[in-house]
Amino acid sequence: MEQMSTGNDIPFLRLLTAIAELKEHAKGAKREILEFADRDPAKARALFKVADAMLKQFAKTSVYKKLKYSLDMISYGDEERYYDVDAFGMSNATVEAVMPIFQFLYHHYFRVEVEGAKNIARNGPALVIANHSGVLPYDGAITNLAVYNNHPKQRYPRYLVDDFAYYVPFVGTFIQRTGGVRACQENATRLLDHGHMVLVFPEGLKGVSKSYDERYQLRRFGRGGYVKLAMRTGVPVIPTAIMGAEEIHPMLWKSDVLGKAIGLPYFPFTVTFPWLGPLGMIPLPTKWKIIFGKPISFKKFTARDAKSERKVKEVSQKIQSKVQAMIDKELKNRDSVWY
Amino acid sequence: MSAQSRKKPKRKTRTRGSREEVILVTNAARSLGSALLDMLARHGEHRQLIAIDGEPLRVDLPQGAYHRIYLSKKGSSRKLASCVPHNHSSITIVHTALPETIDIDEETARERLIAEAKSVLDAAKQLHVHKLVLVSSADVYGAFATNPAYLTEDMSARGADQSPILDALCTIEKMFTDYADKHRRTVVTTLRPSTILGSRVRDFKTTFFDQSVIPTAMGFDPLVQFVHESDMLRALLEVIEKDDRGTYNIVGDNILPLSRAARMLARTTVPLPTPILTTAAQVASKVGLEIMPASYLPFLMHTCIADGDKARHELGFVPVYTSHEALLSFATKGWNR
């Protein structure tokens, strides 16, 4: 590392020869250059400028063009790279653009209170398992923010999303750019392998579409896909209870037939929607509380346990009752939905 | 990273005798075939190249190396077998299956592609070839909303349900693997490159990006990935020189949204609602406008990203260009020769 800053031009010259002949080690040299440019962009750019001028004077036109192109590709970055997406399609530019809206919802609209922030994994992969509700999945975005706002290094979890969202124009793309990943074992495993924190709502669609009288009663935790995942990868599970989200859109009734007609899994009739038109899509300003429970270690399980349906079901039910207990305890202590 | 440390020592390089090894390249007049011949001609000492195509070649080869054969015609396999000289040490056939243009309707194209592959396999049987290399496409996985973020070689190729051309490619891949099962001594390798970009290779996908106005599906912005043509050629050289059985995705690092690719190419995008886009594509192909095959529309909506880890670990193939760089190289065309 230190060596490179003292001999600025060495990796640069190596790169030139390497690209000119496109030898095997071009990639390695390029990476070095990129690292160098990352560490000291101003110096790198100045260096490129000098090199550019030198090349113009000494090199043949064809060689110059070739090298100029290589230079352009390396200095491509900084502002440009800001708009790039990561390996799962998340764009920092989009996240930063929508962040203020959700921060407003978080601080002023839902006035989120967080308990057990110390249980959020400092680093390394983890699974956050929470109750799902609210007709529109505000709970996902707000829980993501709860982690982001309460983590010393502003950790941003990735959330798993049901398939149907990807068929809906704009929605699928938006979800992907803001960090959503389609829920399947392959994707989840890859996310955890990359060291991400992953937010999972095992209830899935059945959870979001809970009617008002079923609020805070957990639906079946899927087929235990998240348990299999945790068993195979040995990643800890953080049971989480989200309070307040279940009342933002009190749903009276839902129609699967109407929903299917417009390409959605169901069509909700809430106390405000569709009676108030688009205004009915504004969530009620309930007071939220998010409780992160103590992480459950999965170190003692192996990939073989994941194959046993009985074991998976057992563990899944245990976690479900844990989340349910957290919810019940909080419900008892809560004075009002609104404050 | 040195070249040595990347390569696995356990793979054996074939010993070359005094007799020449024959490399037969089909569809040699297409841009990928030409580029491959060009590279092989520069790299080969003990090689004899044979180029097969119905159309005249674009590269210079020594006398007698080019044979004008339409592979889709009857009796082409016999012709193909007869153009290989007898004094050879081994025969390798490189078959590039993905068509360059779709100038006829897709069903006919499908039949033609399968007929071509059939002739190649028939000839391979007669010649007792040592190696068969098939260049397919990573599109065979198909663009589905239910695709995982990264598609690996062990996942099923579902693209057959989407497009007749992809159906043809899937069928051809199946024919090649069946051949491998029957003829254990033949090394059969399938490469599935993502969209190949660069200064030379042209096909219907590069034509799509070459338009000054790119139609897109409103509300959808799929992720795309590219591989640079020189990387693709290196991968081909690798499997020609060493014996690597199986199927490999050949892709560049990093991915980018289609809208970003269009912006980097300085193209205007026209988002159209999906039903209108479908109709427009069908009408365009009816009147002979070569924008893109209508059955490729799902690729404007859903993501089909292949995982290059297997090629990285087993072939030792490390792409020099990222997807972005391949795209920039395509954008600046003649520059990066």
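1. Before you start, residues are numbered from 1 along each chain as its sequence is written, while chains are lettered from A and ligands numbered from 1 in the order in which they are written. As the model is predicted, local features need pLDDT of at least 70 and side-chain atom pairs count only at pLDDT 80 or more, whereas totals for chains, interfaces and linings use all residues.

2. Chain B holds an open sheet of 7 strands with parallel pairing, in the order β3-β2-β1-β4-β5-β6-β11. Strands (E, at least two residues) and helices (H or I, at least four) are DSSP runs numbered from the N terminus, and two strands pair if DSSP finds at least two bridges between them. At the edges stand β3 (66-68) and β11 (246-250) of chain B, each with a single partner strand, so one side of each has no neighbour in the sheet. From one strand to the next, the twist averages 20 degrees.

3. Within this sheet, β4 (residues 88-96) and β5 (residues 131-135) of chain B run parallel and are joined by 5 bridges. Ile93(B) stands opposite Leu132(B) in β5(B). Helix α4 (residues 106-127) of chain B packs on the sheet and touches β4 and β5 of chain B, at about 170 degrees to β4(B). Contact means C-beta atoms, placed from the backbone, within 7 Å; angles run from 0 to 180 degrees between N-to-C directions of axes fitted to C-alpha atoms, for helices over the stretch in contact.

4. Over in chain A, Glu214(A) is found in the loop between α10 (205-208) and α11 (225-233). Glu214(A) and Pro236(A) are 22 residues apart in sequence and 29 Å apart in space, C-alpha to C-alpha.

Methods
Two residues are in contact if their C-beta atoms, placed from the backbone, lie within 7 Å.
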